[in-house]
Amino acid sequence: MFTGLYLLILVGGQGFLDAHAYWASDLGHLYQGALVGGRDAYLYSPAFAQLIWPLTQVPFPVFAAVWAIAEGAGLLWLLRPLPWSWQVPFLLLASPELVSGNIHVFLAVAIVLGFRYPATWAVALLTKVTPGIGLLWFAVRREWRALAIALGSTAVIAAVSYVIAPSLWSAWFGVLVNNTGTGGVSELAIPIWVRLPPAIAIIIWGALTGRRWTVPVAATLAVPAFYLHTLTMLYAIFPLELPGSGGDRHE
């Protein structure tokens with residue numbers, strides 16, 4: 001399935017638009033023309049660009065193949081609690097995410113792992129930033145150690161990245177300010193200031209009542225630019241809530 005989709009996209013030349021932006025990121029000119037919805041606009045932190053830099057040195061078809069395989073593996077991991085009869089339709093529903101090559105699948109995986117390994121929240125904080133609202137779970141529940149690990153790990157990664165390229169961090173903060181309130185050209189251009197209050201309310205309620213599924217719901221609502229394939233982040237609910245998935249359902 002993934003092989004056929006990959007070949008179809010490459011032949012058509014219309015897919016992997018987000019993945020292409022990551023591949024085309026140039027550490028020497030990282031934030032030129034960085035506007036939400038812009039072609040090849042890179043909007044994440046310098047740390048993410050530095051992390052994937054070795055992979056960007058290969059031809060784009062190779063990069064796209066590796067990216068698609070990683071996303072496919074992430075999807076299968078998220079859907080593993082479901083029977084195959086349900087996995088197939090959910091994989092098909094995730095096709096827009098695979099076609100775009102965004103990082104929503106990786107964010108979903110990071111959210112699930114974040115309950116056991118809080119350091120994985122760095123993925124959200126150093127890319128789309130606002131889905132990091134999920135850390136309110138730890139704050140509301142007074143799980144200070146987990147919160148400290150999440151924030152501390154992010155700070156360490158950011159500090160190392162800053163030492164390597166301080167000017168890029170100044171540029172990134174400028175990009176965040178310039179793009180505040182923009183929604184890009186999306187299917188559901190709901191401003192983040194409309195989505196953020198209910199996201200906060202949902203996660204506070206979920207933390208108080210021990211409902212882990214509210215974390216991916218809140219994080220999904222809180223993404224800076226909301227597209228239909230953003231809903232792929234909700235796949236994190238399956239390993240968090242379904243019996244036999246390895247995730248604790250309630251505490």
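This is a predicted model: local features need pLDDT of at least 70, side-chain atom pairs count only at pLDDT 80 or more; totals for chains, interfaces and linings use all residues.
**The salt bridge**

E143 forms a salt bridge with R141, and the closest N and O atoms of the pair are 2.9 Å apart. R141 is likewise assigned to the partly exposed class because its relative accessibility is 22%. The count for the structure comes to one salt bridge.

The table lists the residues whose relative accessibility is given as a percentage.

| Residue | Relative accessibility | Class |
|---|---|---|
| R141 | 22% | partly exposed |
| L76 | 34% | partly exposed |

E71 belongs to helix α4. This residue, E71, is buried and has no salt bridge. The nearest side chain of opposite charge to E71 is that of K128, at a distance of 9.7 Å; a salt bridge would require the nitrogen and the carboxyl oxygen to be within 4 Å. Leaving aside residues up to four places away in sequence, E71 touches E97, L98, G101, N102, I103, V105 and F106.

**A nonpolar patch on the surface**

Helix α4, which covers residues 60-79, also contains L76. Together with W84, V88 and L92, L76 forms a nonpolar patch on the surface. The accessible area of these residues together is about 400 Å². Helix α5, residues 84-93, gives the most to this patch, with three residues.

Note on methods:
Residues are numbered from 1 along each chain as its sequence is written. Side-chain values use heavy atoms; hydrogens and water are left out. Patches are made of residues with over 30% relative accessible area and no salt bridge: like charges are joined within 9 Å, nonpolar side chains (Val, Leu, Ile, Met, Phe, Trp, Tyr) within 5 Å. Accessible areas come from the Shrake-Rupley method with a 1.4 Å probe; for residues, only the protein chains shown count as cover. Helices (H or I, at least four residues) and strands (E, at least two) are DSSP runs, numbered from the N terminus. Buried means under 20% relative accessible area, exposed over 50%, partly exposed in between (1.4 Å probe, protein chains only). Lys and Arg count as positive and Asp and Glu as negative; His and the chain ends are not counted. Contact means heavy atoms within 4.5 Å.
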